[in-house]
Amino acid sequence: MNFQDILTEQRTFFNSQKTKNLKFRKMYLEKLKEVLLKNEDLLYSAIYLDFGKSKFDTLTTEISFVIKDIDYYLKNMNFLEKPKRVRTNLANQLGSSKIHPEPLGCTLVIGAWNYPYQLSLSPMVAALAAGNTCILKPSEVAENSMKAMAKIINENFPKEYLYVAEGGVEEITEILKLKFDKIFFTGSPKVGQIVYEAAAKHLTPVTLELGGKSPAIVTSSANFEVAAKRIVWGKFVNAGQTCVAPDYILVDEKVKDSFMDSLKSYIQKFNYQPDSEHYTRIINDRNFNRLTKLIDEEKVFFGGKTDPSKRYIEPTILQNITWNDAVMKEEIFGPILPVLTFKNFNEALLQIAAYEKPLSAYLFTDNSEEKENFISKISFGGGCINDVVMHLSNDYLPFGGVGNSGIGHYHGKYGFEAFSHQKAILDRATWGEPDLKYPPYTEKKLNWIKKLL
Ligand code: NAD
């Protein structure tokens with residue numbers, strides 16, 4: 001398939017104005033919901049083949065997530081696309097001012113493999129809701145999931161409106177040479193740079209949803225039971241292959257021992273043994289080998305078992321970790337949880353601030369001053385107080401990184417805005433205008449202007 005031909009068809013289709021019609025967009029979003037639900041079994045089996053992701057996790061973190069997005073836009077599109085009236089300054093009286101959201105045009109969405117459906121389809125849904133055409137390129141790493149999306153969408157949608165491109169680095173490299181009106185990328189900071197460079201050649205705006213090392217801080221006033229339960233779930237869901245999973249823990253050294261015992265007891269309770277159906281596998285051998293090298297056997301507090309034949313890595317807690325350990329030098333993106341300690345809360349914040357800005361950060365505490373310092377002293381994309389991961393499930397919050405963890409954000413109205421241009425229109429009355437700004441300029445006019453400005 002020639003990607004340039006598809007893009008040319010999409011551009012012609014976009015220029016026909018059809019995608020700007022609200023009824024058209026609603027019809028296709030409803031159709032998308034229908035075909036996804038009709039093909040639910042295919043989606044479950046494909047992702048299970050890719051990395052053993054359970055039906056429960058696939059429903060809660062992927063399919064229902066996308067359906068929720070479709071429902072959100074079906075309900076809110078009327079309002080989101082409406083021109084918004086704003087104030088008009090004195091110099092522009094008599095006039096009225098409005099912001100008219102308009103679709104950017106032909107968009108490209110590039111997904112990551114770790115939540116293959118959510119991270120491909122959610123931005124794609126936002127692109128369509130905002131009135132764009134879209135080429136979606138899911139990650140080839142979750143190959144069966146990519147094929148399932150391509151089958152479901154390409155069989156049910158006209159390619160001049162929406163098309164799923166299959167393939168790997170070679171294909172995406174070709175696609176990135178084309179001129180899009182928006183590129184939305186989810187993946188690593190390293191590939192994010194490649195995408196940003198390609199986009200710059202055409203001055204194409206980008207949203208980059210990247211990764212990084214997201215800390216979870218546990219202070220002495222935290223409720224350990226709640227902290228341990230939520231951290232264990234958020235870290236080991238999807239076997240730690242989650243961009244917003246807590247990458248490492250910083251715990252007050254006074255409470256380290258009892259907190260680590262709580263962590264251990266929840267891991268045992270949630271049963272992540274090799275035969276458990278609900279525990280996801282590592283995506284491929286390359287990542288399995290990378291992760292097992294990060295487990296320093298002398299520092300294992302809990303876990304550490306691995307099985308290459310099943311690409312199984314037991315939830316593993318590492319202790320006595322310093323910033324010099326290999327596990328602290330890269331985003332872990334797997335079920336390994338290093339625990340570091342601190343003596344002073346503000347020093348812990350300084351340590352975090354010395355590294356790249358994380359995508360997420362989490363604080364467990366009952367102390368309001370610590371909450372304020374956490375929010376104001378360190379920069380990160382978004383996060384939670386007394387929870388992990390869940391901020392991304394609230395559509396009323398923007399989701400995205402900052403600095404090395406990304407550019408821009410989406411979800412809910414922020415997704416619609418990510419794929420829209422805010423066109424500013426000043427509409428002036430044709431009567432009642434003073435002559436002040438027109439030549440010939442006089443001293444008297446200048447004095448009036450000075451007073452007015
Ligand atoms: P990746 O950067 O390797 O791949 C992402 C996408 O880029 C894939 O579709 C892939 O086909 C494409 N790609 C790979 N190499 C390319 C190249 N040379 N040129 C152009 N495109 C290329 O990332 P990944 O392994 O799929 O995902 C893991 C990373 O993504 C982690 O850093 C994680 O934190 C991050 N991530 C971020 C979010 C978020 O929402 N911010 C979500 C999930 C994952």
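**The domain interface**

Guide: About 1,700 Å² is buried between domain 1 and domain 2, with carbon and sulfur atoms giving 55% of that area; buried area here is the accessible area (1.4 Å probe) that two parts lose on being put together, summed over both. Across this interface the rule finds zero salt bridges, a salt bridge being a side-chain nitrogen of Lys or Arg within 4 Å of a carboxyl oxygen of Asp or Glu. The rule does find nine residue pairs in polar contact across the interface of domain 1 and domain 2, both residues at pLDDT 80 or more; a polar contact is a pair of N or O atoms within 3.5 Å, where within protein one must be able to donate a hydrogen and the other to accept it, and residues adjacent in sequence count only if both atoms are side-chain atoms. On the side of domain 1 that touches domain 2, helix H3 (40–51) and helix H4 (55–81) each supply at least two residues, helices being DSSP runs of H or I with at least four residues, numbered from the N terminus. By class, that side of domain 1 has eight nonpolar, eight polar and four charged residues, with Ala, Val, Leu, Ile, Met, Phe, Trp, Tyr, Cys and Pro counted as nonpolar, Asp, Glu, Lys and Arg as charged, and the others, Gly among them, as polar. In contact terms (heavy atoms within 4.5 Å), 20 residues of domain 1 meet 22 residues of domain 2.

This is a predicted model, in which local features need pLDDT of at least 70, side-chain atom pairs count only at pLDDT 80 or more, and totals for chains, interfaces and linings use all residues. Residues are numbered from 1 along each chain as its sequence is written, and side-chain values use heavy atoms, with hydrogens and water left out.
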